[in-house]
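Trainee: I have a new structure on my screen. Can you walk me through it?
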Amino acid sequence: MALMLDESEASDAELIGRAKGGDRRAFGKLLERHYDFVYRAAYRWCGKKADAEDITQEVCVRLGRAIRDYHGSGAFTTWLYTMTLNAARDMMRKTVRETVKTEAYGAYELIAGESPNEPEDPAEALWAAVRMLPGKQRDAVLLVYGEGLSHAATAEAMGISETTVSWHIHEAKKRLETLMRSAGEV
């Protein structure tokens, strides 16, 4: 009788190895283990529950196709962050294209009848301001402060140097201070 490891006790590396071999249960356990982590990163990136859910689902689909390409040279979570950020950027580009099309057809006023609500929670106001930052600054802040990654892990996820991450954080802080002052939050 072969001894089967309980998926809850298996390490990520074991689950990844089994998932690469086609083990659906191992893949499911890997998804279950990291789903909240991906959702959290997606939500911080976009600020909308529905969009974060869509991004998370897209990452799950992409992971199913890409798990065989994961070589284990870096942390699995770093690879997942990269995949999540790419899915979020893809969604943003798609949303921009659809918005341009909608505006071009003159339907914008009909659909956008309500104005966006201002966040009442100061923390949400700050995250809303973070989402207004330029791409690399936003990503660096989300990974370092939103997810608690080190500058080194953030650099790996973003494909840039650690020094560049620090520079993006520094520039983002300056911009955030200006944004928060103009909004009357500081």
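Mentor: Let's go from the overall fold to the core, then to one helix. Keep in mind that this is a predicted model.

Trainee: Fine. How many helices and strands does the chain have?
Mentor: It has 9 helices and 0 strands.

Trainee: And how much of the chain is buried?
Mentor: Buried residues are 35% of the 186 residues. The chain's accessible surface is about 11500 Å², and carbon and sulfur atoms account for 54% of that.

Trainee: What share of contacts joins residues at least 24 apart?
Mentor: 55%, counted among contacts between residues at least 6 apart in sequence.

Trainee: Now the inside. How many residues are in the largest nonpolar core?
Mentor: That core has 48 residues. Ile55 and Phe76 have the most contacts inside it.

Trainee: Which elements give two or more residues to it?
Mentor: α1, α2 (24–46), α3 (49–66), α4 (76–104), α6 (122–130), α7 (135–146), α8 (151–158) and α9 (162–182). The largest share comes from α2, with 9 residues.

Trainee: Back to Phe76. What is it in contact with, leaving aside neighbours within four places in sequence?
Mentor: Phe76 is in contact with Asp12, Ile16, Leu30, His34, Leu63, Ile67 and Tyr70.

Trainee: Switching to α1. Which of its residues are buried?
Mentor: Leu15, Ile16 and Ala19, in a helix that covers residues 12–20.

Trainee: Why do they line one face of the helix?
Mentor: Look down the axis of α1: the buried residues fall within an arc of 100°, so they line one face.

Trainee: What comes just after α1?
Mentor: Gly22, with a positive phi of about 100°.

Conventions: Residues are numbered from 1 along each chain as its sequence is written. This is a predicted model: local features need pLDDT of at least 70, side-chain atom pairs count only at pLDDT 80 or more; totals for chains, interfaces and linings use all residues. Side-chain values use heavy atoms; hydrogens and water are left out. Buried means under 20% relative accessible area, exposed over 50%, partly exposed in between (1.4 Å probe, protein chains only). Helices (H or I, at least four residues) and strands (E, at least two) are DSSP runs, numbered from the N terminus. The arc is that of the directions from the helix axis to the C-beta atoms. Contact means heavy atoms within 4.5 Å. Accessible areas come from the Shrake-Rupley method with a 1.4 Å probe; for residues, only the protein chains shown count as cover. A nonpolar core is a set of buried Ala, Val, Leu, Ile, Met, Phe, Trp, Tyr and Cys residues joined through side-chain atoms within 4.5 Å.
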